[in-house]
Amino acid sequence: MTAPTAPQTVSLDLGDLHGSLSDPLLDAMTFLNEVTTRYPGAVSFAPGRPYEGFFEPEDVTAYLEAFLDHLAARGLGRDAIRTVLFQYGPTKGVIADLVARTLANDEGLAVPPEALVLTVGAQEGMLLTLRALCAGPDDVVLVSSPCYVGVTGAARLLDLTTVPVPEGADGGPDPEAVRAAARAVRADGRRPRALYVVPDFANPSGTSMPVAARTRLLETAADEGLLIIEDNPYGFFAREPGERPTLKALDRHRQVVYLGSFAKTCFPGARLGYVVADQEVTGPDGRRTLLADQLAKLKSMTTVNTPALSQAVIGGMLLTHDCRLRAANAPATAHYAAGMATLLAELDRHFPAAERARLGLSWNVPEGGFFAVLEVPFAADDAAMERCARDHGVLWTPMAPFYPAGGGERRLRLSISSVTAGQIEDGVAKLAGFVRAEAGRSGAHADGR
């Protein structure tokens, strides 16, 4: 009798999986996380996460209690409260009314709660919005360049085409470049569907759009039939609240889909974001709904709903601060502003003007936020970052992955969000040693050769 053949272990060929899994873009963040773990003692200018000194574990319980008190004050009994917390709940979320109040107080945005969808972080909001707006392979998304890798990565997962639009001199995508890109896409027989932009303290460049540029961008988008996807995780950290209204606040034609997040203004562990999608959608029978309702359909087939416990804790935080997060975030805003000022001052101190000119070294001067960009006279790639971490004890982020069509090879991003002033001073001193060593290693001259 022949013995049965033992089943073989299944082995998959990467070429048989989705093409995005072979895209270096999806490896960028994985490498960064791994190298950070390998060098835990290094000063890290790499992550864009908030400073942990503002978080206290006992606050979570206090915020949850505040939300439970709120539900009881609304007349909900114990059974109804149990259902809110422990069951799946509405796909669009349970705290849309509180988020709408907060947007009205902090951003001057008058949006009805039904136009909101609470999401599992802003990243889910990006995926839902891109999937809903792009109907077929000829629909194209314009993105500012450099661009947050989360949106280009999401587009890659969805097999959507993105076209980069360079940032203008004032920050943000140049309106005329947007117009030219939209017309070039249309001339190629495709449809320019939307433009993705981070107008305030953008990741990765740290730039912010002046009000006049925002107005021109809205006008250009209207002329070209483009929707705007506005991502605003950093706008709360402006030096003066309301100094630059959001694109959505300036929007008079419902052409802006607004992505928000509580990761930076509350805490990222809640994984709570939201989409304001107040555009009307007309069905074949003439019935009208909101784009938010259409996004909820997609969400019901992905994450089903957003965790009620996360919403309850963030809802309690909003209630505790009277749905006014700008005031609640004032200490954080001051902390980050001081951190950016320290970074820029230390770069000035360690690299005098004459040396900068000799090395071909420069950096931008953000008005706030988390990020600044340093231009260096050598390839600022993964290998250089690892040498910097290993030999000099400091980490940063290569900029090249943020350029969808290539570029940024000699630029690196510095983030001040999770470090103290002392760490910034120490980190810039170590970074200066690395830059000089690397410039000597590559034989760099003022022209960057």
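## Strand β8 and its surroundings

Strands β2 and β8 pair in the antiparallel sense over five bridges; pairing requires that DSSP finds at least two bridges between two strands. The model is a predicted one, in which local features need pLDDT of at least 70 and side-chain atom pairs count only at pLDDT 80 or more, while totals for chains, interfaces and linings use all residues. Residues are numbered from 1 along each chain as its sequence is written, and side-chain values use heavy atoms, with hydrogens and water left out. Strands (E, at least two residues) and helices (H or I, at least four) are DSSP runs numbered from the N terminus.

On its other listed pairing, β8 runs antiparallel to β7, joined by four bridges. The table gives the pairings that involve β8.

| Strand pair | Bridges | Residues standing opposite |
|---|---|---|
| β2 and β8 | five bridges | L118 and Y274 |
| β7 and β8 | four bridges | S261 and G273 |

Five of the five residues of β8 are buried, so the strand is largely enclosed by the rest of the structure. Buried means under 20% relative accessible area, exposed over 50%, and partly exposed in between (1.4 Å probe, protein chains only). In a regular strand the side chains alternate between the two faces of the sheet. In β8, L272, Y274 and V276 point one way, and G273 and V275 point the other way.

The structure holds two cavities of 30 Å³ or more. Of its 17 lining residues, the closest to the centre are L103, F236, S261, T265 and Y274. A cavity is a set of points on a 1 Å grid over the protein atoms alone where a 1.4 Å probe fits but cannot get out, and lining residues have an atom within 4 Å of a point. Helix α4 (96–107) gives the most to this lining, with five residues.

Helix α10 (residues 291–300) has L291, A292, L295, A296 and K299 buried. These residues cover an arc of only 145° around the axis, which puts them on the same side of α10; the arc is that of the directions from the helix axis to the C-beta atoms. Among the elements that cover them are β2 (116–120), β7 (256–261) and β8 (272–276).

Elsewhere, four strands form an open antiparallel sheet in the order β11-β12-β15-β14. Strands β11 (362–363) and β14 (397–398) stand at the edges, each with a single partner strand, so one side of each is left without a neighbour in the sheet.

How values were computed. Contact = heavy atoms within 4.5 Å. 1 Å grid on protein atoms, 1.4 Å probe; cavity = no way out; pocket = protein on both sides within 12 Å on 5 of 7 lines; lining within 4 Å. Points joined across faces, edges and corners; volume = space filled by probe spheres on them.
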